[in-house]
Amino acid sequence: MTHWISRRARVLAAGVGAGMLIPCTAAAAPAAAAAPTVSCTSGQAGLAAKLQKDITAAMKGRKGTVAIGLLDRGTKTTCTLRGSTAYDSASVVKVTVLATLLWDAAKHNRYLTARETTLAKAMITKSDNSATSTLWKQLGVTKVKGFLTAAGMTQTKPGANGYWGLTRITVRDEQKLLALITAKNSVLSDNSRAYLLKLMGQVVSSQRWGTPAGAPSSVAIHVKNGWLQRSTHGWRVHSVGTFDGAGRDYMITVLTQDNSTMNYGVTTIQNIARAVHKDLVPTTAGTARYTPTTTPKEAFVAVPPNG
């Protein structure tokens, strides 16, 4: 066994010089007790191991079921945990709703109407539920599914009977969406991407919790969060964010459920986010890092009466 480990270490060490991605996962537990562990790769030596260690430490002792996605384009770094596990979306789906609206408008070679821009701004910056319901109804599930297909978000299932907050989402698909919003592509136009980022950058302070926690002042924050309580799996608490500036370009998705309270889920997400920001953007002691509100808010989306 010792020989195998040392040989593998030599192979990995050789790969560093060749520009290979360096995988890093926690040691496997016995099959009977195996729980998913965060797995990271990076083009920067040592970064994958550091992220894996620090994210794991941030989750230590926390109850709940957590899924994580991270992509840092500059260092070719990724981390994932439960990437394909499905969660009820809550208000996080509002980014998909706006992306669908913009994608559909572009297909018909038109700008958003004044009414649509008013609804879109309320939906993203204040997480307005009635605005979301209006746009969801206007679009219809067929158009939402059309966008999901175009975006390659094959694991996302729109909520039935108007319950957009019960759309089933995964870390993998949310990271795909954030990637489309933050880089040139054939699905969303440059204007559409700029508009999405602008609104996600204008989210009211009471809703700027979650993945922005610990972000350095040198990066711009774009975020959308959501929470939802149901009789099974307790509180779902989610946060998706993109961060750019000062040569940085990265995105984080954290989805959680089985939380005892909303605040418990928020704390779990923010513990993870602080670890990620610290590792990706090391700063001197005097550099300011974002501290979210101590009274986080979010729109409580509608669920079926029995639910």
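Reader: Where is T96 found?
Author: This is a predicted model, and in it T96 is found in helix α3, residues 94-107.

Reader: Buried or exposed? I mean T96.
Author: T96 has a relative accessible area of 3%. Buried means under 20%, so T96 counts as buried.

Reader: And what does T96 touch, leaving out residues up to four places away in sequence?
Author: T96 touches F147, L148, M153, E174 and L177.

Reader: I see F147 there. Which residues have the most contacts inside the largest nonpolar core?
Author: They are I55, L98, F147, L188 and I272. That core has 82 residues.

Reader: Take L98. What is L98 in contact with, beyond its neighbours in sequence?
Author: Leaving aside neighbours within four places, L98 is in contact with A120, M123, I124, Y195, L196 and L199.

Reader: New topic. How many disulfides does the structure hold?
Author: One. C40 and C79 form it, with their sulfur atoms 2.1 Å apart.

Reader: Where do C40 and C79 sit in the chain?
Author: C40 is in strand β2, residues 39-42, and C79 is in strand β4, residues 77-81. The two are 39 residues apart, and the pair links distant parts of the chain.

Reader: Which hand does the link of C40 and C79 have?
Author: The link is right-handed, with 110 degrees about the S-S bond.

Reader: Are the two cysteines C40 and C79 buried or exposed?
Author: C40 is buried, its relative accessible area being 0%. C79 is at 3% relative accessibility, so C79 counts as buried too.

Reader: How do β2 and β4 run, and how many bridges join them?
Author: They run antiparallel, and three bridges join them. C40 stands opposite C79 in β4.

Reader: What about the faces of β4?
Author: T77, C79 and L81 make up the covered face of β4. T78 and T80 are on the uncovered one.

Reader: What does β3 do with β4?
Author: Strand β3, residues 65-72, runs antiparallel to β4 and is joined to β4 by five bridges. D72 stands opposite T77 in β4. The two strands form a hairpin with four residues between them.

Reader: Which residue in that turn has a positive phi?
Author: K76, at about 50 degrees. Most residues other than glycine have a negative phi.

Reader: Where does N109 lie, and what is its phi?
Author: N109 is found in the loop between α3 and α4 (114-125). Its phi is near 55 degrees, a positive value in a residue other than glycine. N109 has a relative accessible area of 72%, so N109 is exposed.

Reader: And D258? What is its phi, and where is its place?
Author: D258 has a positive phi of about 65 degrees, although it is not a glycine. Its place is in strand β9, residues 248-259. D258 is partly exposed, with a relative accessible area of 32%.

Reader: Switching to rings. How many aromatic pairs does the count come to?
Author: Four. One of them is W209 with W227.

Reader: Why is the pair of W209 and W227 stacked?
Author: Their ring centres are 5.4 Å apart and their planes are at 20 degrees. Planes under 30 degrees apart count as stacked, so this pair does.

Reader: Where are W209 and W227?
Author: W209 is in the loop between α7 (190-200) and β7 (220-229), and W227 is in strand β7. They are 18 residues apart, and the pair links distant parts of the chain. W209 and W227 are buried.

Reader: What about W235 and F300?
Author: W235 and F300 form a tilted aromatic pair, 5.5 Å centre to centre, with 35 degrees between the planes. W235 is in strand β8, residues 235-245, while F300 is in the segment after α8 (262-280), 65 residues apart. At 13% relative accessibility W235 counts as buried, whereas F300, at 43%, counts as partly exposed.

Reader: How far is Y264 from W235?
Author: They are 9.0 Å apart in space, C-alpha to C-alpha, and 29 residues apart in sequence. Y264 lies in helix α8.

Reader: What sits over the ring of Y264?
Author: The charged end of R62 does, 3.8 Å from the ring centre. Not counting residues up to four places away in sequence, Y264 touches G61, R62, K63 and N259.

Key
Residues numbered from 1 in each chain as written. Predicted model: local features only at pLDDT ≥ 70, side-chain atom pairs only at ≥ 80, totals over all residues. Heavy atoms only, no water. Disulfide = S-S within 2.5 Å. Buried < 20%, exposed > 50% of the residue type's maximum accessible area, 1.4 Å probe, protein only. Core = buried A, V, L, I, M, F, W, Y, C linked by side-chain atoms within 4.5 Å. Contact = heavy atoms within 4.5 Å. Phe/Tyr/Trp six-rings, centres within 6.5 Å; stacked < 30°, edge-to-face > 60°. Lys NZ or Arg CZ within 6 Å of the ring centre and 35° of its normal. Pairing = 2+ DSSP bridges.
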